[in-house]
Amino acid sequence: MHVDKVHINSLVPSESAKEALSIANQSISSVPDEVGDAAYKGSVCEPSSGLEFETKEEAYSFYREYARSVGFGITIKASRRSKKSGKFIDIKIACSRFGNKRESGAAVNSRPCIKTDCKASLHIKRKEDDKWVIHSFVKEHNHEICPEDFYYAAKGWNKQSAIVACQKKGLQLALDGADVQLMLEHFMQMQDENRNFFYAIDLDHEKRLKNVLWVDAKGQHDYSSFCDVVFFDTFYVTNKYKIPFVPIAGVNHHSQYLLLGCALIGEETASSFVWLMQTWLKAVGGQAPRVIITDQDKFLKEAVADVFPDARHCFCLWHVLGKIPENLSCPMNQNENFMVKFNKCVYRSWSEEQFEKKWWKMVDRFQLREEEWVSSLYEDREKWGPIYMQDVCLAGMTTTERSGSITSFYDKFISPEGTFKEFIGRYKDFLKDMYEMEANADCEAQHNQSELRSLFNFGKQMSSVYTDAIFKKFQVEVLGLVSCQLRKESENETTIIFRVDDFEERYNFVVAQKEDEFRICCSCRCFEYRGFLCRHALLVLQMSGASDIPSRYILKRWMKDAKVRHSVGEMPKRLNIRSKRFNDLCKLATKLAQEGSLCPETCDIAFQAIEEALKHCVDVKNSSRIWAPNTATAHSSVSIEDENNNAITAKSSKKKKTYRNRKVRQALNLECICVCFS
């Protein structure tokens with residue numbers, strides 16, 4: 001398929017197309033006074049630079065009448081909006097024969113007038129006083145004047161514009177042809193640098209770009225070490241950033257955020273999120289996380305249940321709290337005590353029964369039973385309420401303030417109105433900074449001993465186990481032991497309940513201890529949210545005579561040796577077997593190419609045999625659902641949506657690609673999605 005770069009780069013966004021359509025449909029009765037009389041007397045003024053109009057519609061009508069009198073068709077070639085105001089500031093109207101002749105089937109609507117790359121055009125711009133002025137005018141045509149062109153353009157514009165406006169949606173609104181080319185070039189470069197780099201492109205049944213996912217080699221390796229908690233952050237999509245970026249995040253043993261994958265999502269639908277999660281899961285080897293964190297969203301909820309049925313799904317607490325002003329502005333504004341009661345219910349409930357009692361009391365007091373969002377929040381309470389987080393480790397990835405959230409971490413390289421070119425440039429710089437920070441932390445953990453600031457045995461025990469970053473946080477809890485006072489509240493056959501007064505926090509907390517199983521749980525949920533024991537639990541252990549922290553409360557993910565290291569000898573045997581199969585096939589394919597290239601007849605036979613063999617291999621792979629691990633292969637995939645479901649097709653390569661082959665792969669991928677830009 002031929003890709004016409006002119007049509008890729010001169011793309012008009014769908015809103016622009018709709019606006020252009022409204023311009024074209026305006027009545028010509030709005031022609032300005034200075035040219036109106038001449039126009040309706042049969043002698044239309046010729047356009048000239050500097051001629052002003054009150055509106056863009058008037059300018060379009062004027063040029064339309066000029067085109068009618070001369071005998072050529074016109075079309076809106078391109079338009080541009082202000083990044084600040086969103087208003088149109090620049091419009092180019094061209095002869096309907098502008099551009100080059102396209103291949104059959106590439107055009108949105110076939111037309112009898114041959115494209116001649118005619119340069120005749122009118123370029124108008126908005127002035128500071130909101131009037132429009134002719135910036136430039138090209139009179140000469142490079143073809144014979146054909147009066148039928150005008151009537152065809154006038155008749156065919158509405159249909160063509162409506163089709164273009166309808167076709168452009170999702171990622172097509174965020175990325176133009178140049179952006180897609182830049183993105184593919186970045187993918188090719190990354191794959192050349194490391195063959196484990198994975199990317200996938202999701203297309204609909206009309207080959208229009210829907211979603212994109214990529215996972216670099218470091219992200220894949222990091223996931224092998226820190227696969228317990230993963231956050232699919234859709235903040236930038238939900239808040240309508242120009243680049244609909246979805247970071248897939250984790251946390252390393254230094255409490256530093258990791259990029260386990262990146263995506264661009266065109267539409268917030270269950271099918272898009274299912275594709276994202278399924279494709280990412282295959283990219284990282286198929287092992288599902290134990291905990292998935294997302295925003296509170298019904299489509300994300302459906303997708304997680306579909307793709308990760310055995311994982312614990314939790315909502316980011318900051319995202320939940322951030323929606324309160326949007327959904328409950330009335331009770332917040334009318335009653336100063338609302339947030340006090342809400343926080344008391346969320347953070348000061350020591351049991352599920354107590355939470356529910358406080359919840360319904362709050363709902364009735366502020367008359368919230370009819371609020372749909374409040375009902376959905378209660379329905380999903382087990383996914384965000386701290387009291388329901390028992391036996392879950394969130395590794396510090398869900399906070400109550402944006403300043404400490406993952407989203408704020410990525411604000412360094414993405415802005416609401418930033419272009420894709422700016423995004424990809426900042427993204428590369430951001431990765432370098434991340435890698436440098438992690439390398440420095442690894443070096444310090446390897447060569448420096450954490451500083452002990454107390455004589456408690458718990459501190460001594462963990463100083464040689466935890467990384468320096470985690471030990472500093474843990475040592476704050478150890479030092480806080482002196483500000484706590486313990487008293488026993490109740491006891492039964494299996495459990496002892498303690499009340500701990502924390503004079504530093506000015507709260508009291510409930511700690512439950514099961515002596516026979518040596519389990520301990522505090523109502524502050526420090527272990528669940530941060531991954532290490534709090535001062536209240538440590539005090540109970542100390543008073544119980546324990547000198548060391550039980551191993552179940554020392555997470556591998558915070559240890560100095562948390563990273564998984566693979567030597568060449570530790571690579572799975574099945575990868576070596578697959579490499580052998582690949583080499584054997586390459587040798588046979590080389591022999592086939594040598595014999596098949598001798599004459600046209602043998603070439604046809606070889607091609608037919610290869611095509612049939614490839615078809616059979618694909619059928620076998622799809623029917624048996626074979627998935628080859630990505631540890632030793634380079635990946636790229638393009639998926640096309642059937643009428644019934646999404647099919648994900650993966651391509652892989654075993655050797656370093658040459659520059660020429662890289663360009664071929666880029667052209668093939670670009671060909672798959674060029675239809676939506678032509």
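Asp117 lies in the loop between strand S3 (88-95) and S4, in a model that is predicted. The phi angle of Asp117 is near 55°, a positive value in a residue other than glycine. Most residues other than glycine have a negative phi. With a relative accessibility of 27%, Asp117 counts as partly exposed.

**Loop residues**

- Ala395 also has a phi near 55°, again a positive value in a residue other than glycine.
- The loop that holds Ala395 runs between helix H16 (372-379) and helix H17 (406-410).
- Ala395 has a relative accessible area of 3% and is therefore buried, the limit being under 20%.
- Glu128 is found in the loop between strand S4 (121-126) and strand S5 (132-138).
- At 85% relative accessibility Glu128 counts as exposed, because the cut-off for that class is over 50%.
- Glu128 and Ile89 are 39 residues apart along the chain, and their C-alpha atoms are separated by 9.7 Å.

**Overall make-up**

- The protein contains 25 helices and 19 strands.
- Its chain length is 678 residues, of which 48% count as buried.
- Among the contacts with a separation of 6 or more, 64% are accounted for by residues 24 or more positions apart.

**Nonpolar cores**

- The largest nonpolar core comprises 110 residues, and those with the most contacts inside it are Trp214, Leu264, Phe342, Trp359, Trp384 and Phe474.
- Helix H18 (residues 420-447) gives the most to this core, contributing seven residues.
- Another core, of 33 residues, lies apart from the largest one and includes Ala200, Val230, Val246 and Val304.
- Leaving aside residues up to four places away in sequence, Trp384 touches Phe315, Leu317, Val320, Phe342, Val346, Phe355, Trp359, Leu377, Met389 and Tyr529.

**Helices H6 and H18**

- The axes of helix H6 (residues 177-193) and H18 come within 9 Å and cross at roughly 20°.
- H6 is therefore roughly parallel to H18, as angles under 35 degrees fall in that class.
- On the H6 side, the residues that meet H18 are Asp179, Leu182, Met183, His186 and Gln189.
- Their partners in H18 are Phe420, Lys421, Ile424, Tyr427 and Lys428.
- Sorted by class, this contact has five nonpolar, two polar and three charged residues.

**Helix H7 and its cover**

- Helix H7 (residues 217-225) has as its buried residues Ala217, Gly219, Gln220, Asp222, Tyr223 and Ser225.
- The elements covering these buried residues include strand S6 (198-203), strand S7 (209-215), strand S8 (229-232), strand S10 (257-265), helix H9 (270-283) and H18.

**Cysteines**

- The structure holds zero disulfides.
- For Cys95, the nearest cysteine sulfur is that of Cys118, at 3.9 Å, and Cys95 is in no disulfide.
- A disulfide would need the two sulfur atoms within 2.5 Å.
- Cys95 is buried, with a relative accessible area of 0%.
- Cys345 likewise counts as buried, at 1% relative accessibility.

**Helix H23**

- Ala593 lies in helix H23 (residues 573-596).
- The relative accessible area of Ala593 is 47%, which makes this residue partly exposed.
- Ala593 and Phe607 are separated by 14 residues in sequence and by 9.5 Å in space, C-alpha to C-alpha.

Notes. Residues are numbered from 1 along each chain as its sequence is written. This is a predicted model: local features need pLDDT of at least 70, side-chain atom pairs count only at pLDDT 80 or more; totals for chains, interfaces and linings use all residues. Side-chain values use heavy atoms; hydrogens and water are left out. A nonpolar core is a set of buried Ala, Val, Leu, Ile, Met, Phe, Trp, Tyr and Cys residues joined through side-chain atoms within 4.5 Å. Buried means under 20% relative accessible area, exposed over 50%, partly exposed in between (1.4 Å probe, protein chains only). Helices (H or I, at least four residues) and strands (E, at least two) are DSSP runs, numbered from the N terminus. Contact means heavy atoms within 4.5 Å. Axes are lines fitted to C-alpha atoms, for helices over the stretch in contact, and angles run from 0 to 180 degrees between N-to-C directions. Angles under 35 degrees count as roughly parallel, over 145 as roughly antiparallel, 65 to 115 as roughly perpendicular and the rest as oblique. Ala, Val, Leu, Ile, Met, Phe, Trp, Tyr, Cys and Pro count as nonpolar, Asp, Glu, Lys and Arg as charged, and the others, Gly among them, as polar.
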